[in-house]
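Here are my notes on this one, as numbered points. Have the model open while you read.

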Amino acid sequence: MASVIIAGVGSYAPEKVLTNHDLSKMVDTSDEWIYTRSGIRERRIAADDEACSDLAVKAAQSALADAKINASEIDLLIVATASPDTPLPSTACYVQHKLGVPAHATCFDIAAACSGFLYALEIGYGQLLTNRYKRALIIGAEKLSSVTDWKDRTTCVLFGDAAGAVVLTKVPQPNIGILGSDLGADGEFADNLYIPAGGSKCPASQKSVEDRGHFIRMNGREVFKSAVRVMETVAREMMEQHNLTPDQISLVIPHQANIRIIEALAANLKVPMDRVYVNLDRYGNTSSASIPLALDEARRAGRVKPGDLMLLVAFGAGLTYGATLIRW
Ligand code: ACO
């Protein structure tokens, strides 16, 4: 049976660095509080004239160059994002136009928050296996700074802007590339992490702006507890489905939300931290961009070798979650 492989990876993070020290001048916080509670030291912030699609395009160009594939050869383009350029149309259409992906390509966004990249990867994988498409561009891109309440110290210290992308192609060899995914969602916890206004439930109004309803609201403690539980469960299920034990996984790339969540996950799975990739100290939580950004860094740093088994694992607003197993 043929396989779907990641033929190229790329990422982009905006130039501007916002440190914990900078934040301590904006809200009542400190580097010590942020670092000990989250593991974050700094994050990147997009320029005013940089939209989500601009970050996505730069990451995509890097992934296409890595795969040695031209944008004109892409027939499926999926952007996972929680901070689209506009509510309508999808950011994927802006990306298509800026990249030069042809008009016959299928282009759409998916919204699964921080699990978005794994959701998009699963869709791309499935579509390539059906032979309906040949080359897919899967992007996770976020300008979270545009939906962050810079007056709310409980959330603004956590998020950052970035994008990551992969190119998927099909190869005749079996048992390589994406080996499988396990995704899920539990809408019971939807209100623990959401943006209250700007949708059909609470359309934009003067009141919604005065209430700061267009920014992320989060019950951090509840999200924390759910995150550790669902990521461990889905990671275990993924390994069991493939008859694998944690010592056979070369590298775990978890969603980069909080070092304490990642350390708890690693301890529960009994995976040593030197086999867990962490870069949230430099980028914060970049939602759907976090896993492809980490994957790109890990690979360029020589942490991923041919034949390695990698487990990508995420959770996000929804509460969505997922795990994807890859043989590089
Ligand atoms: N600086 C200083 N003090 C702060 C700050 C801050 N930035 N933020 C909160 N505090 C205070 C609180 O007011 C509270 O004070 P109190 O005890 O007087 O009431 C105290 O610090 C402790 O607050 P907690 O919320 O209990 O702190 P906690 O240890 O839970 O850490 C955190 C908070 C970092 C948000 C943690 O709960 C967390 O990481 N949760 C998960 C968040 C997450 O992963 N979100 C991303 C989801 S992915 C997606 O879809 C976007």
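1. How many salt bridges does the rule find across the interface of domain 1 and domain 2? It finds 2, a salt bridge being a side-chain nitrogen of Lys or Arg within 4 Å of a carboxyl oxygen of Asp or Glu. Polar contacts across that interface come to 26 residue pairs, both residues at pLDDT 80 or more. That term means N or O atoms within 3.5 Å, one able to donate a hydrogen and the other to accept it, with sequence neighbours counted only if both atoms are side-chain atoms.

2. A word on the source: this is a predicted model, where local features need pLDDT of at least 70 and side-chain atom pairs 80 or more, while totals for chains, interfaces and linings use all residues. Numbering starts from 1 along each chain as its sequence is written, and side-chain values use heavy atoms, without hydrogens or water.

3. The domains are 3–174 (domain 1) and 178–327 (domain 2), with bounds from an automatic or database assignment. Their C-alpha centres lie 14 Å apart.

4. Elsewhere, D66 forms a salt bridge with R299, with 3.0 Å between the closest N and O atoms.
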